Amino acid sequence: MPLKSFLDGRLFGERYGSGKPRVAAFHGWGRDRRDFSGVLEGLDAVAFDLPGFGASPLPGEVIGAAGYADAAALVLEEMEAPQVVVGHSFGGRIAAVLAAERPELVAGLVLVGAPLLRLPGHSVRKPPLLYRLAKWGNKIGAVSGGRLEREKRRRGSADYRAASGVMRDILVKVVNETYEDHLARLVCPVRMVWGSGDREVPLEVAWRSADILAKNPNLEAEVEGKAGGRAAVEVEVVEGCGHHVLLEAPDRVRLAVEGLL
Amino acid sequence: MTPPAVVFGGPSPEHDISVLTGLQAARLLSEAGRNPTVIYWSKVGRWHQVDPACEAADFAAGPPRKSRELRLVAEPQAGWTARRRSLGVETALLCCHGGPGEDGTLQATLDIAGIRYSGPNAASSALAMDKLAFGALILASGLPGLPRHDVEAGAPPEFPPPYIVKPRFGGSSIGIEVVEDYATAVALAGSSPHMDRGALIEPYLAGGRDLNVAIRTYPRLQLSAIEAPVSDRFYSYREKYLSGGGIEGSERRLPANIPEELEHRIRDMASQVARLAGIRSMARLDFLESEGELWVNEINTIPGSMSLYLWVDPPVSRRQLVLDMVAELEESKARVFSTAGADGAALQSAASIAAKLG
């Protein structure tokens, strides 16, 4: 599918179908729009390359999911109808913030393996003492930048090691974010599609997110009012599937999207 | 004779693939008893002598442990040196993909150092890496090529969208995109880090396919079997290299099941291009085919895995292919710079510089 530029070249997206888009898709960290090729084929949709990934240029500053959602909102404003928004992993964080902050732009939400909240016991750990010492040493000039970088690489995740510059700072920012408050404000139907074997974002995250949504007093009424008969929240578990549901079971994500169109 | 050097890596997006190509060549030469000097060019541009028995993973985080730091001195009788002493490298099998290792930069440096190298000379290397110039050469020679339009021309091309946008310089499919319109092409060329030195637009041929053939020039000009990669029309870097086992692990039909007449045309054109583009050692020539129509697309002067896997018909062993490349290299002559006519007479009779400026 051909690529199209949006926002004067600040964002690129791949168009599916020939009609007006009704689905907007956001990929995960370190991935790009191509992850959605098995999901969106035959639909009227746009899969975006998020800023700093694929064809889209780097963001000009360190932004979190809210900054990404702002950029997404600018594009969705240009589309005529509210979109079913699909987000995988990091893209799910953006989709949830977008739907909470700009409900008029989002007709429905499909969240796939999205790290929306932190599970108990998975709090952000304080960095080890040696690393903190190296960081302090670098600040006072006793530890070289190269040495500190080696320490960072030794201790960072695969995503952290692969990222550089502004993207590394963005990664640090977003992994420390959670979105319970956004979930509590959603007013559109939500489908969560999760691999039973997702080790990066365990299925428990989906269940706990669904619990928060169930306590959201407006959600049921809003969905009932807008699209009677449609469940407000559904969790779809894909047995035997890992974190990359878009690649391993694209049909299941597609069914969830179609159910909201 | 001094053992050949095998050189790989370099500050290029294709650095990692080059490490694989270089280690394969080094291993094949070691097994043949040629005891190569193995030289690694790091991503930050530094030189290291490494053990031929190194594995690819040893390079994942930079130069392997126990590697010896080298310098490349572009002066006669110098070349690669360790602690200011020349290693005495006379011949270099270049396994660098993309960037300065393939675009003529390293080749020109080795010319100055008096070191003979595999692959085309500096000028032909630069020509092959410049898709706009290479495409123009093909068309000017009467061979079939797709029209190529400079993105910075300021107006859309005459052919209709969708377009393929490619970095003007670069050896792999990195950075190539199909775009919906000219505005997207311009925006992409303005923001893609792969297109900071220019970009070009080609028509997108839906339903077209790639057909590739390797060319070697020693002991005589010879063509490999023709391959048809099984995937997208222009298969992405990810598909080509990361989908399992490097470029050799990519899905392909080899030999491609194509009509005899088409094969003849490919072979005829490939031989012409080899001469036109100054091909030496081993190259891979990529064609596009759609409904029987054929276009010369790109030439890769230091192809992934040296295209050793393409030699199934006629069957030539990988070891033999590499040994032949080294034999050709050893028979070649270093570039000699001529100073004929610069005998000082013009200097002696010249007036002062100040008088010339006056």
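Analyst: Happy to walk through this one with you. Two residues count as in contact if their C-beta atoms, placed from the backbone, lie within 7 Å. Please keep in mind that this is a predicted model.

User: Thanks! Which residues does A:Leu109 contact, leaving aside its neighbours within four places in sequence?

Analyst: A:Leu109 belongs to the largest nonpolar core, where A:Ala96, A:Leu109 and A:Val110 are the residues with the most contacts. With neighbours within four places in sequence left aside, the partners of A:Leu109 are A:Val85, A:Ala95, A:Ala96, A:Ala99, A:Leu186, A:Cys188 and A:Val190.

User: Which helix gives the largest share of that core?

Analyst: The core in question has 91 residues. Eight of its residues, the largest share, come from one helix of chain A, spanning residues 90-101. That helix is H3.

User: Is A:Ala47 buried or exposed?

Analyst: A:Ala47 sits in strand S4 of chain A, residues 45-49. Leaving aside neighbours within four places in sequence, its contacts are A:Gly13, A:Glu14, A:Ala25, A:Arg33, A:Phe36 and A:Leu40. A residue needs 20 or more other C-beta atoms within 10 Å to count as buried. A:Ala47 has 28, so the answer is buried.

User: What is the C-alpha to C-alpha distance between A:Ala47 and A:Phe26?

Analyst: In sequence, A:Ala47 and A:Phe26 are 21 residues apart. In space, the separation from C-alpha to C-alpha is 6.3 Å.

User: How is H1(B) oriented relative to H9(B)?

Analyst: Helix H1 of chain B covers residues 15-31, and helix H9 of chain B covers residues 318-331. Their axes come within 9 Å of each other and cross at roughly 90°. Crossing angles of 65 to 115 degrees share one label, so H1(B) and H9(B) are roughly perpendicular.

User: Which residues of H9(B) make that contact?

Analyst: From H1(B), the contact uses B:Ala25, B:Leu28, B:Leu29 and B:Glu31. Taken over both helices, the contact residues divide into five nonpolar, no polar and three charged. On the H9(B) side they are B:Arg318, B:Arg319, B:Val322 and B:Val326.

User: Where do the two chains meet, and which element of chain B supplies the largest share of its side?

Analyst: The contact between the chains takes nine residues from chain A and twelve residues from chain B. On chain B, strand S11 (177-179) and helix H5 (182-191) each supply at least two residues. The chain B side divides into six nonpolar, four polar and two charged residues. Six residues, the largest share, come from H5(B).

User: How far apart are the centres of domain 1 and domain 2 of chain A?

Analyst: The assignment gives domain 1 of chain A as 3-121 + 178-260, and domain 2 as 129-171. Seven residues of domain 1 are in contact with seven residues of domain 2. The domain 1 side of that contact has five nonpolar, two polar and no charged residues. Taken over C-alpha atoms, the centres are separated by 31 Å.

User: And in chain B, what separates the centres of domain 1 and domain 2?

Analyst: Chain B is assigned domain 1 (5-117), domain 2 (151-203) and domain 3 (209-315). Between their centres, over C-alpha atoms, domain 1 and domain 2 have a separation of 33 Å.

User: What is the omega of the peptide bond from B:Asp313 to B:Pro314?

Analyst: B:Pro314 lies in the loop between strand S17 (293-300) and H9 of chain B. The bond from B:Asp313 to B:Pro314 is cis, and its omega is near 5°.

User: Is B:Lys66 buried or exposed?

Analyst: B:Lys66 is in the loop between strand S3 (47-50) and strand S4 (68-73) of chain B. Its phi is near 65°, a positive value in a residue other than glycine. With 11 other C-beta atoms within 10 Å, B:Lys66 is exposed.

Definitions and conventions. Residues are numbered from 1 along each chain as its sequence is written. Chains are lettered from A and ligands numbered from 1 in the order in which they are written. This is a predicted model: local features need pLDDT of at least 70, side-chain atom pairs count only at pLDDT 80 or more; totals for chains, interfaces and linings use all residues. Helices (H or I, at least four residues) and strands (E, at least two) are DSSP runs, numbered from the N terminus. Ala, Val, Leu, Ile, Met, Phe, Trp, Tyr, Cys and Pro count as nonpolar, Asp, Glu, Lys and Arg as charged, and the others, Gly among them, as polar. Domain bounds come from an automatic or database domain assignment. A nonpolar core is a set of buried Ala, Val, Leu, Ile, Met, Phe, Trp, Tyr and Cys residues joined through C-beta atoms within 7 Å. A residue is buried if 20 or more other C-beta atoms lie within 10 Å of its own, exposed if 12 or fewer, and partly exposed in between; C-beta atoms are placed from the backbone. Axes are lines fitted to C-alpha atoms, for helices over the stretch in contact, and angles run from 0 to 180 degrees between N-to-C directions. Angles under 35 degrees count as roughly parallel, over 145 as roughly antiparallel, 65 to 115 as roughly perpendicular and the rest as oblique.
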